[in-house]
Amino acid sequence: MEIKERGNWSSQFGFIAAAAGSAVGLGNIWRFPYITGLYGGAAFVLVYLLFVVLVCIPIMNSELLVGRKSGKNALGAFKELVPKSSWWIVGLMGIIAGFVILSYYSVIAGWATAYIFKSGAYMAAGANPADVFVGFITSPVTPIIWHAIFMIMCIGVVSAGIEKGIEKYSKILMPALVVILLVLIVRALTLPGAGAGVSFYLKPDFGKLSAEGILAALGQAFFSLSLGMGCMITYGSYLKKDQDIPANSYWIAGTDTAIALLAGLAIFPAVFAFGLEPGTGPALTFITVPAVFASMGAIGHLFGILFFFLLTIAALTSAISLLEVVCAYFIDEKKWNRKKAVWIMGFVIFLLGVPSSLGQGVWSSYKFIGGRDFLDSLDFIASNVLLPLGGFLLCIFIGWYWGTGKAIEEGNIGAKGGITLGGGYRFLIKYVAPVAIFIVFLKSIGVF
Ligand code: PHE
């Protein structure tokens, strides 16, 4: 039988750049700062960190080791490890989640890409940032064109394969992202009056930490770390045996969390320094932030371009991982060649994104889950339901079906000794993580 070359990460840095690139995305820069501000600052951050350490890192290890052990995509991995069972359904759910998330993710990423070019020009013309943003996203055609442009960039990277596509671009884009973020933070923190923003962002307020806030923290942790949908299974499948899974998991989770926290420091101090109201949701990124840069005069123009470039890079390295999850399935299981899988799936996902874009304007009267528009409804289902559910089932799979013994054995191959999987991992994946997810779920549907 012919053995097809699936590709591998060529180096540890390349893998970390790609996996951290997947993790660091719109979730960190666009979502984390505003939900932190919304649900009680440092109080929310504390709960978030607990979820990262107790729930998400064990799941990250598990996904990576399942991927490496099986050498397969999210669905094929379960078929390979436990052939005569129905666990592949968990993989299928993940692939569907990836499909759904990328469809609307690319719409928002398209806005960010457009703003690299638009924000400065509008500011120079003295336009009101709120009018500009609303005018832009409600128009029927332009945002869809940007959504298409963004999808084509993803397709370009993913079709070049693992080492020559995803790894190569991540190795350039991730360091660029860190540098730009640091420049923006230095600028924000040195503005007079920046302190008020820091305290708004991080002052603990346990009163604002509702049950909804706790669910949001869990959903955000899964979303931000790209967990619960087979992304790390897929990326893990390109790992060689000598690569250190436990250490890599810490690197990925640590980078992701640090960048999320730092993103807030690039935004809130500047917002408060100029006496603006911090908006929530997209308004913070696309209205308040441009308003901040407009207040800085000519140099603000440059910072505006840098900020949206940062957002676009972050989104791109995440979006390629979403596309890879979907395509790896068609490549492994359906024997499609990479180009065919990437172009066909990229196009279908683009089409599913169109209603998310139109829902901002011409279709805005259509409401779905809890009065949300199409985009927010997909986001709610994906991040607050599908991802935690996928993570929960993976804990059950490892802890109670496949066995932590096998998981620990695989996970420690290549571990250089600094951190290894053992009793702590076993306890977290068997009991703590699934119980925590379960309780948050019950609470969110109002059981107690
Ligand atoms: N982690 C990415 C972000 O924070 C989004 C993502 C979710 C990417 C799931 C891949 C898988 O923006």
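1. The model is predicted, and local features were considered where pLDDT is at least 70, with side-chain atom pairs counted only at pLDDT 80 or more.

2. The largest pocket has a volume of about 800 Å³. It is lined by 34 residues, and those closest to its centre are Tyr34, Arg372, Asp379, Phe380 and Asn384. Six helices each supply at least two residues of this lining, namely H2 (26–38), H5 (88–124), H6 (129–138), H10 (211–224), H16 (374–402) and H18 (423–444). The largest share, seven residues, comes from H16. By class, the lining of the largest pocket divides into 18 nonpolar, nine polar and seven charged residues.

3. How many cavities of 30 Å³ or more does a search of the whole structure find? The search finds five, and the largest cavity has a volume of about 130 Å³. This largest cavity is lined by 17 residues, with Ser22, Phe223, Ser226, Ser318 and Leu322 nearest its centre, and the elements that give two or more residues to its lining are H1, H2, H5, H10 and H14. The lining of the largest cavity has nine nonpolar and eight polar residues but no charged residues, whereas the lining of the largest pocket includes seven charged residues.

4. The second largest cavity has a volume of about 80 Å³. It is lined by 13 residues, of which Val90, Gly228, Met229, Gly230 and Ile233 are the closest to its centre. Helix H4 (74–81), H5 and H16 each supply at least two residues of this lining, which by class holds six nonpolar residues, six polar residues and one charged residue.

5. Ser318, one of the residues nearest the centre of the largest cavity, has its place in helix H14 (residues 298–333). With a relative accessible area of 4%, Ser318 falls under the 20% cut-off and is therefore buried. A polar atom of the side chain of Ser318 lies 3.0 Å from the backbone oxygen of Val24. Leaving aside neighbours within four places in sequence, Ser318 is in contact with Gly21, Ser22, Ala23, Val24, Gly25 and Tyr105.

6. Pro290, in helix H13 (residues 282–295), is likewise buried, with a relative accessible area of 4%. Pro290 and Arg31 are 259 residues apart in sequence, and their C-alpha atoms are 17 Å apart in space.

7. Side chains of opposite charge can pair when their charged atoms come close. In this model the count of salt bridges comes to seven. One of them joins the side chains of Asp332 and Arg6, at 3.0 Å from N to O. Asp332 is buried, with a relative accessible area of 11%, while Arg6 counts as partly exposed at 22% relative accessibility.

8. The closest N and O atoms of Lys171 and Glu167 are 3.6 Å apart. Lys171 is partly exposed, with a relative accessible area of 32%, but Glu167 counts as buried at 0% relative accessibility.

9. Glu324 and Arg338 also meet through their side chains in a salt bridge, at 2.9 Å from N to O. This pair links distant parts of the chain, with Glu324 in helix H14 and Arg338 in helix H15 (residues 338–358), 14 residues apart. Both Glu324 and Arg338 are buried.

Definitions and conventions
Residues are numbered from 1 along each chain as its sequence is written. Side-chain values use heavy atoms; hydrogens and water are left out. On a 1 Å grid over the protein atoms alone, a cavity is a set of points where a 1.4 Å probe fits but cannot get out, and a pocket is an open set with protein on both sides within 12 Å along at least five of seven lines; lining residues have an atom within 4 Å of a point. Grid points are joined across faces, edges and corners, and a volume is the space filled by probe spheres set on the points. Helices (H or I, at least four residues) and strands (E, at least two) are DSSP runs, numbered from the N terminus. Ala, Val, Leu, Ile, Met, Phe, Trp, Tyr, Cys and Pro count as nonpolar, Asp, Glu, Lys and Arg as charged, and the others, Gly among them, as polar. Buried means under 20% relative accessible area, exposed over 50%, partly exposed in between (1.4 Å probe, protein chains only). A polar contact is a pair of N or O atoms within 3.5 Å; within protein, one must be able to donate a hydrogen and the other to accept it, and residues adjacent in sequence count only if both atoms are side-chain atoms. Contact means heavy atoms within 4.5 Å. A salt bridge is a side-chain nitrogen of Lys or Arg within 4 Å of a carboxyl oxygen of Asp or Glu.
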